[in-house]
Amino acid sequence: MKMLRACALTAIAATMLSLGASVALRGEDNTARETRDRHEIEALMWKYTRALDKGDGATYASTYTTDGEFGAGDRVTKGREALSKLVVRQPAAGEPPRAPLYHMELNHWIEFADKDHARYHAYYLTVSGAMGRDVPPRIVAAGQSFDTLERLNGKWLLKTRDVAAKD
């Protein structure tokens, strides 16, 4: 009887230890996934910003879901076709070239709602680059943004971007 009790206690202890290790591994899996997701979201936001600065409408729109939207106060642009037209920066015929723009995300924080949905909080700064000696660089805009992101087919995309976010 003592032998049976000792075997049962050993089995219970082994089961508890393996369950504890399993829970720890599952936690590591979530941490590893979120770390990978953070890197992917940061890469998406870099792609978004570079496309915006270059006036590359197709690449800019590709960072959004098909029904994604960009909002600035009361102005909302929805859908990839409209979004691609939003950032094209061609001066009209006869107009001088425009100064380059540099959009920056500052102090961003990524918050996961679940494994396929995230919220991206940030401050932003937009700087107009210098145009020779007569036109120095200048700050064009600054503010707070709030974005929602979705993972679709294994790829993170912007669902909504609000650059007039309120606390």
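## Accessibility and leucine 86

A residue is called buried under 20% relative accessible area, exposed over 50%, and partly exposed in between. Because its relative accessibility is 38%, leucine 86 counts as partly exposed. This report concerns a predicted model, and the description of its parts begins with that residue.

Leucine 86 belongs to helix H3, which covers residues 80–86. Apart from neighbours within four places in sequence, leucine 86 is in contact with Tyr60, Phe70 and Thr77.

## Aromatic pairs

Four aromatic pairs are found in the structure. In one of them, tyrosine 48 and tyrosine 60 have ring centres 5.0 Å apart and planes at 40°, so the pair is tilted. Planes under 30 degrees apart would count as stacked, and those over 60 as edge-to-face. Tyrosine 48 lies in helix H1 (residues 2–54) and tyrosine 60 in helix H2 (residues 57–62); the pair therefore ties together parts that are 12 residues apart in sequence.

Are these two tyrosines buried or exposed? Tyrosine 48 has a relative accessible area of 2% and is therefore buried. Tyrosine 60, at 1% relative accessibility, also counts as buried. Together with Tyr64, Tyr48 and Tyr60 form one aromatic cluster.

## Confidence in the model

The protein has a mean pLDDT of 87, and 83% of its residues reach 70 or more. Among its elements, strand S6 (residues 155–162) has the highest mean pLDDT, 98, whereas H1 has the lowest, 74. Over residues 21–25 the pLDDT is below 50, and this stretch has zero contacts in the model beyond near neighbours in sequence. Where pLDDT is low, predicted coordinates should not be read in detail.

Terms used: Residues are numbered from 1 along each chain as its sequence is written. This is a predicted model: local features need pLDDT of at least 70, side-chain atom pairs count only at pLDDT 80 or more; totals for chains, interfaces and linings use all residues. Side-chain values use heavy atoms; hydrogens and water are left out. Rings of Phe, Tyr and Trp (its six-membered ring) pair if their centres lie within 6.5 Å; planes under 30 degrees apart count as stacked, over 60 as edge-to-face and the rest as tilted. Helices (H or I, at least four residues) and strands (E, at least two) are DSSP runs, numbered from the N terminus. Buried means under 20% relative accessible area, exposed over 50%, partly exposed in between (1.4 Å probe, protein chains only). Contact means heavy atoms within 4.5 Å. pLDDT is the predictor's confidence in each residue, from 0 to 100.
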